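Here are some exercises to work through with the model open in your viewer. Try each task before you read its solution.

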Amino acid sequence: MTWMIYGANGYTGRLMAKAAVARGMKPILAGRRREELEAMGRELGGLEVRVFGLEPAALDLGLRGVTLVLHCAGPFSETCAPMLEACLRAKAHYLDITGEIDVFAHCHQQDARAKAAGIVVLPGSGFDVVPTDCLAAQLKRDLPEATSLVLAFEAGGGPSPGTAKTSVEGLGKGGRARIGGQMTTVPLAWKHRTFDRDGEPRTAMTIPWGDVYTAYVSTGIPDIEVYMAVPPAVIGRVRRLRLVRPLLGLGPVQRFMKARVEKSVRGPSESKRGKTDTLVWGEARTADGRELKRQLRTPNGYDLTVTAALGITQRLLDGGAEPGFKTPSMLMGADYVLGLPGVTLVG
């Protein structure tokens, strides 16, 4: 089967392409920047390169003969819809590495169309949201009566440019939580609490992470909150942003902040990724107070994104998957994350 990495010249796309070749896979490298892509293609042993944008006609030509797209070109709030439409027309499986709630919702709305096209639509095939989604599914499996779910993570190494831009967009939308089964807008840093890491407390605040959407699809648990571990001072700064949140969503403000990202954010180096890891916490509770807790330790989020997404890609290339919208745990099983390199249960 012929498959493609779109956005192969971006930070995560480059990692994905190099790792795919190391596995003996031969993706088409695609995106908008011919010079960078052709240099990558030569570096990686003569891989095919296709250069095209996200206009419908260009997409239809670019995806000709392709059976799977691993979409790595964010921000996905802008790029997901046109690429997904093209995949539906081409009958090509769609994967991406988004963490954006609205993107998950849009993809989920295409479930019936994906089934009719005979393709799998699986956004969030990387760190967003494989480890948290699998952990949520494990907790639901082992505590079936759970009615509330808390997920949290502490990630080291710093963001890529794409992740930083997505965070900028999120500031203008406020926080999100799942309450009574409904997606609910809440203030930035709505709640804070601590989680234990190796006997030491970690402060954390609620964030609008993708699992607020996907974990409900995977588990049916009606109340879901997601936290990120940050220093207390960060929680204070984010809460002060509530006063100007309407301004943060304005086009000129968004463009200014994203331009700052372009100038200052490069993504973690290979050395830094190797020295940093991620801890993921999960807590499920029942209405009568029973509780189940679990922790995962994973490699740096970008390294996990590569292994998780390529594992899902190989699963679809091997064939036999039921079409439609899927979360990682729905397609790969709740324990998929435990088989990825460097992932361990803690305690």
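Predicted model: local features only at pLDDT ≥ 70, side-chain atom pairs only at ≥ 80, totals over all residues.

**Exercise 1.** Find which residues Q295 touches, not counting residues up to four places away in sequence.

*Solution.* Start with the cut-off: a contact means heavy atoms within 4.5 Å. Q295 then touches D196, the run L279, V280 and W281, and also T344, L345 and V346.

Numbering runs from 1 along each chain as its sequence is written, and side-chain values use heavy atoms, with hydrogens and water left out.

**Exercise 2.** Decide whether Q295 is buried or exposed.

*Solution.* Buried means under 20% relative accessible area, exposed over 50%, and partly exposed in between, with a 1.4 Å probe and protein chains only. Q295 has 18%, so Q295 is buried. Now zoom out: 52% of the 347 residues of the protein count as buried.

**Exercise 3.** Work out how the radius of gyration of the protein fits a compact globule.

*Solution.* Take the radius over C-alpha atoms and use the rule, 2.2 Å times the number of residues to the power 0.38. For 347 residues a compact globule would come out near 20 Å, and the protein has 19 Å, which agrees. Finish with the box: the C-alpha atoms fill roughly 55 × 45 × 40 Å along the principal axes.
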